[in-house]
Amino acid sequence: MGKYVIRRLLWMVLVLFVVAFVTFCLMHLVPGGPWDRDKALPQTVVDNLNRKYGLDQPFLIQFKNYIFNAVRGDLGVSYIYQDRSVTSIIMGGFPVSATLGLVAFLIAILVGVPLGIAAAIKQNSFVDYFAVIFATIFASMPNFVLGILLMIIFSVTLHWFPTSGWGSIRQIIMPAFALAALPAAYMARISRASMLDVTRQDYIRTARAKGLTERVVLVRHILRNAMIPVITIAGPELAGLVTGSFIVESLFSVPGIGRLFVQSVSQRDYGLIMGTVLFYAFAIAIINLVVDILYGMIDPRIRYD
Amino acid sequence: MTDTQQPNPSEMAEVTQARPHRTLLNDAWIRLRRNRLAVAGAIIILIFALGAIFAPLITKYNFAKQDLDSIFLQPSGVHWLGTDELGRDVFARMLYGARTSLAVGIFTQLIVLLIGLPIGAFAGSKGGRVDNLLMRFVDIMYGFPDILLIILLSAVLRGTVFGNMGGGIFVIFLAIGLVAWVNVSRLVRGQILSLKQRDFVTAARAMGGKGTYITMRHLLPNSLGPIIVSITFGVPRAIFTEAALSYIGIGVKPPTPSWGAMIHDGYNVMFTAPHLVIVPAVAIALIMLAFTFLGDGLRDALDPRSRR
Amino acid sequence: MVKHNDGLKVSRRDFLKTAGALGLLAAAGSSIPLGIFSTGCSKSNAPAGAQELSVNLAGEPAQIDPNRASWAAERSVISQVFEGLLGFDKTLTVIPVVAKELPTVANKGISSDGKTYTFNLKNNVTWSDGTKVMAKDFAYSIVRMLDPDLATEYASFYYPIAGAEAYNGAGTKTAAEKAALKAAVGVKATGDYTLQVTLGDAYPVFLQLMSLWPVYPVREDVITAQGDKWTEAGNYIGNGPFILTEWVHQDHMTFAQNPKYWGTKPKLTKITYKMITDANAALAAYKNGELDMSGVPVGTEKATMGDASLSPEIVRNADLTTFAFQFNVHVAPYDNLNLRKAISTAVDRASFVDKVRGGVGKVALSWIPPGMPGYDATLGTEYSFDVTKAKALLATALTELKLADASKLALKFQFSDTASNKTIAQFLQGQMKDNLNIDLTLEPMESKAFTQTVNSAKHTWAWFGWGADYPDPDNWLPQLFGTGAGNNHTTYSNPAFDAICKTAGKELDNTKRLQEWADAQKMVIADAPIVTMFYRERFNLVKPYFKGLTPTGMDGQIMGDQFWTNVTIEK
């Protein structure tokens with residue numbers, strides 16, 4: 001296992017390099033640069049800005065400089081927030097997004113998985129239909145619509161929570177629910193489907209035939225095996241949630257990195273684009289590695305050579 | 001009933017067994033028709049599809065015709081679902097919008113299935129180096145935010161033969177599909193990694209079953225449930241992605257409507273003209289519900305164990 | 001969901017940093033529960049009688065260094081913490097602030113050739129740490145603003161200063177050469193409280209430029225000691241009525257009274273700037289008592305006016321901002337004058353403003369907006385909506401273009417990605433179809449891609465807006481319609497117009513100068529490189545206890561943000 005993890009980490013370096021290179025090419029190829037302002041800047045000013053940010057260098061030199069600095073832990077400065085380093089912006093926003101994302105993830109798991117399991121156990125019951133309706137509504141309602149509805153109900157009408165900002169538990173609840181709705185729906189449906197798949201397997205029948213109690217069968221055999229797809233989707237969902245959501249963060253004015261990424265792309269903030277994309281790719285790679293390790297722990301028969 | 005999962009020799013012989021001539025698909029079709037919810041799902045999809053195709057016969061309104069004196073009208077006998085910010089008939093826009101959104105929802109998921117299923121199955125069943133390479137590629141795909149990749153792909157694809165197919169909409173199907181398959185492939189791979197160690201698979205292999213045969217016959221059918229759910233959730237996701245793309249000049253151009261764009265355009269006035277958000281949202285929800293029912297039915301129908 | 005005030009393309013100062021790429025994500029604007037939910041009573045955290053104001057900056061300012069700032073949100077911050085030699089009063093007239101008096105030829109503040117300006121400073125103005133504001137602080141600030149290595153965006157506005165352009169363009173020169181050019185810049189503190197500025201040529205609007213934020217004073221010792229950190233709360237030493245006490249990035253900013261302020265102390269003891277980007281969310285915050293002022297989502301204005309509880313809280317104010325469609329007049333068929341005139345005459349501006357935009361804004365038939373010198377109400381009346389006339393013009397145009405019918409025109413229109421731009425584009429498409437039977441192809445683009453297309457003149461026909469940097473035709477004509485000018489995206493070129501720009505730019509007789517600009521604007525309107533549509537109006541809800549709000553036509557991101565000093569809270 002140790003060797004496997006080390007190999008995966010080495011692979012991750014390669015993955016990050018590829019992601020960095022492709023993103024770097026992409027952002028320079030996309031039409032429009034950071035200094036394309038609605039009110040056009042004079043050439044002298046553009047030249048000064050290019051020189052300041054090293055954009056007057058040849059493309060590959062720029063990339064080389066970026067990588068060399070990045071390896072030393074220096075992700076450069078933001079092109080929008082010119083007084084702030086990319087590292088400090090990400091480090092300021094990530095804890096916020098991560099906290100919100102983790103809370104949302106826990107809500108999604110704690111609501112979604114039990115709901116899915118209940119729906120599977122009582123197939124075609126009220127619980128099952130409720131779960132279907134719940135999932136359909138939250139998957140077909142964009143989260144900005146859900147978010148603003150929450151705000152109108154819980155802030156404007158009931159005055160339970162403030163509409164915006166960050167720092168207190170009361171400010172986490174609404175954005176976390178807005179964020180958790182879709183993953184919860186997805187988890188519920190996936191765990192139901194997976195449960196049903198496993199329940200119909202022969203070894204479950206065998207286990208029952210052996211006279212094991214329903215409870216033991218459920219916990220030891222069904223649940224364990226049914227969790228494989230849940231873990232598979234939980235990985236990327238978790239990565240997506242902790243790295244922030246543009247829509248929910250913007251709607252609830254949460255100072256996370258989700259909206260920074262979108263801003264950086266739309267403003268062509270090259271420094272912040274690279275920083276946030278690499279950070280995101282790093283988070284995804286780590287989480288996928290953890291998922292693969294978890295597979296092995298849940299089902300010892302899965303081996304990686 | 002022959003249970004294909006039994007690790008006994010009769011399993012291999014099943015194909016040639018002399019019993020009423022019914023193929024797997026034939027069987028599945030019969031079972032699907034008996035599932036009332038699945039039939040209801042199919043009917044909903046059919047209604048929307050027919051509505052989209054025969055839209056000009058169903059409504060007298062042109063989806064693009066503006067009437068500045070009838071802006072933001074509530075639903076009424078004249079305008080069944082009201083009018084929008086330029087006085088256009090929302091029912092007509094919903095019908096014509098189905099052309100874009102249904103097609104995007106369905107075709108992208110077909111592409112996802114066609115790519116994600118084989119790659120995931122291949123990685124999972126082969127394991128080792130192949131699995132590692134494919135999954136690191138998936139890591140790279142995951143490493144980019146989806147929308148970035150989709151924009152890139154659309155730009156690339158527009159230069160190819162697909163560029164002008166269906167007025168550019170084909171590019172949208174491909175771009176979304178080519179990005180979304182990674183989710184399904186990881187799901188399939190995870191299932192297969194787990195299933196392939198099971199006794200019945202080991203037995204099948206011991207009896208000389210070929211890798212592909214085992215995958216098709218044993219591994220895939222037993223992991224369909226989560227895959228179908230993932231595809232079902234992919235439908236609204238693709239519909240919303242299309243809306244995001246149409247905003248940045250990729251795909252259907254205004255005034256051609258799509259459900260996702262209708263919701264986004266309506267968000268500003270959500271509380272003063274709620275029908276502009278409710279109509280497309282309900283349409284998307286109905287389609288998703290229909291696919292859920294159909295998907296569940298399909299999964300049950302294809303289940304080898306419930307074969308009679 | 002992006003911050004999108006209006007989503008329209010406006011000047012640098014006024015433009016909203018629209019998160020474009022992921023447009024849609026963004027596109028969502030916002031709205032309120034009119035009718036559906038009752039608003040209930042508003043709650044506020046502040047005790048009764050507290051002079052505390054909470055308003056929405058609608059996003060994080062990029063950076064708040066006065067020399068480098070260029071966005072509306074940044075100006076909303078800088079205006080509280082800094083004061084310049086000169087400033088604008090609420091009628092947008094230039095007034096002395098740190099300067100003792102307005103320099104004139106009569107008081108020897110301006111040399112008779114109009115090239116040398118002498119500013120005498122008040123000697124009782126202090127920084128928020130108690131030290132005196134002196135002429136050297138202004139000299140340092142202006143020269144720093146021109147530093148090529150600092151790469152400030154408004155530097156080119158100050159190129160009329162002798163040696164400014166040479167120094168700002170010296171980025172590739174050696175340190176010694178830079179130092180020499182820096183020393184040659186025509187800005188000198190000739191005494192503790194006397195600043196002399198020499199121009200390369202006479203420039204009558206120079207006093208207006210000296211009223212803008214890029215030349216507000218900054219502290220050399222603070223900037224040297226703190227580097228990039230000098231704009232953080234605590235380091236941000238200014239000379240204005242307020243100090244920045246807290247800046248939680250991406251979340252909020254807080255201001256308190258500057259205890260060392262030299263002038264009349266403001267009534268407000270605390271101002272909070274929130275950074276709510278979504279218009280629906282901002283309105284919800286307003287209704288929940290978290291904001292004392294808020295805009296409403298685009299498209300809900302009419303419903304808001306019809307809402308009994310909200311309509312008394314509406315405050316509207318005309319902005320010095322004009323929106324128009326611009327043609328690329330060097331691309332066929334847009335190079336045909338009669339076609340441009342036909343299109344301009346075929347657009348029903350009144351319906352657009354009254355119906356599509358809910359009556360917010362004012363129909364624009366000419367370019368320079370009302371409320372500033374240069375506005376001419378009689379101009380452009382020939383473009384009043386008239387389908388018959390438009391059709392006749394179109395027929396002439398088609399003959400000249402040797403086209404059989406309008407379907408051969410293949411007109412294309414580009415716009416950047418927001419929901420409100422999409423509405424405008426579709427409105428135009430409908431007008432072309434209904435009134436001229438022209439099929440217009442719409443080409444939505446991601447916002448930066450759109451900007452680049454327009455800046456490189458690859459567009460055919462596009463939507464744009466211009467907001468005043470300073471209220472003078474000098475800011476509205478040569479930069480946009482002069483041959484080859486930086487913001488000339490119509491590629492309009494008229495030697496007669498260029499000639500006027502040259503003389504009017506340095507004409508010292510103000511009456512004559514304004515007459516020349518009036519003639520220049522007439523030429524532009526007659527040649528129809530643009531189809532002017534409307535003058536922008538701000539439309540906000542303001543709590544009844546929020547007294548003394550003083551909007552101007554050139555506010556920053558927040559309506560009234562230039563005069564928080566007039567505001568009191570009367571709960």
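**View 1. Four strands of chain C form an open sheet in the order 1-9-8-7, with mixed pairing.** The model is predicted: local features need pLDDT of at least 70, side-chain atom pairs count only at pLDDT 80 or more, and totals for chains, interfaces and linings use all residues. Residues are numbered from 1 along each chain as its sequence is written, while chains are lettered from A and ligands numbered from 1 in the order in which they are written. Strands (E, at least two residues) and helices (H or I, at least four) are DSSP runs, numbered from the N terminus. Two strands pair if DSSP finds at least two bridges between them.

**View 2. Strand 1 of chain C runs parallel to strand 9 (residues 270-274) of chain C, and the two are joined over five bridges.** Within this pair, Leu53(C) lies opposite Ile271(C) of strand 9. Helix 2 (residues 72-81) of chain C packs on the sheet and touches strand 7, strand 8 (252-257) and strand 9 of chain C. Contact here requires C-beta atoms, placed from the backbone, to lie within 7 Å. The direction of helix 2 of chain C makes about 140° with that of strand 7 of chain C. Such angles run from 0 to 180 degrees between N-to-C directions, with axes fitted to C-alpha atoms, for helices over the stretch in contact.

**View 3. Strand 13 (residues 411-416) of chain C is largely enclosed by the rest of the structure, because five of its six residues are buried.** A buried residue has 20 or more other C-beta atoms within 10 Å of its own, with C-beta atoms placed from the backbone. Strand 13 of chain C pairs in the parallel sense with strand 14 (residues 440-445) of chain C over six bridges. Ser416(C) faces Met445(C) in strand 14 of chain C.

**View 4. Chain A and chain C meet in a contact of 48 residues from chain A and 58 residues from chain C.** On the chain A side, the helices that each supply at least two residues include helix 4 (86-121) and helix 6 (143-157).

Terms used: Two residues are in contact if their C-beta atoms, placed from the backbone, lie within 7 Å. A residue is buried if 20 or more other C-beta atoms lie within 10 Å of its own, exposed if 12 or fewer, and partly exposed in between; C-beta atoms are placed from the backbone.
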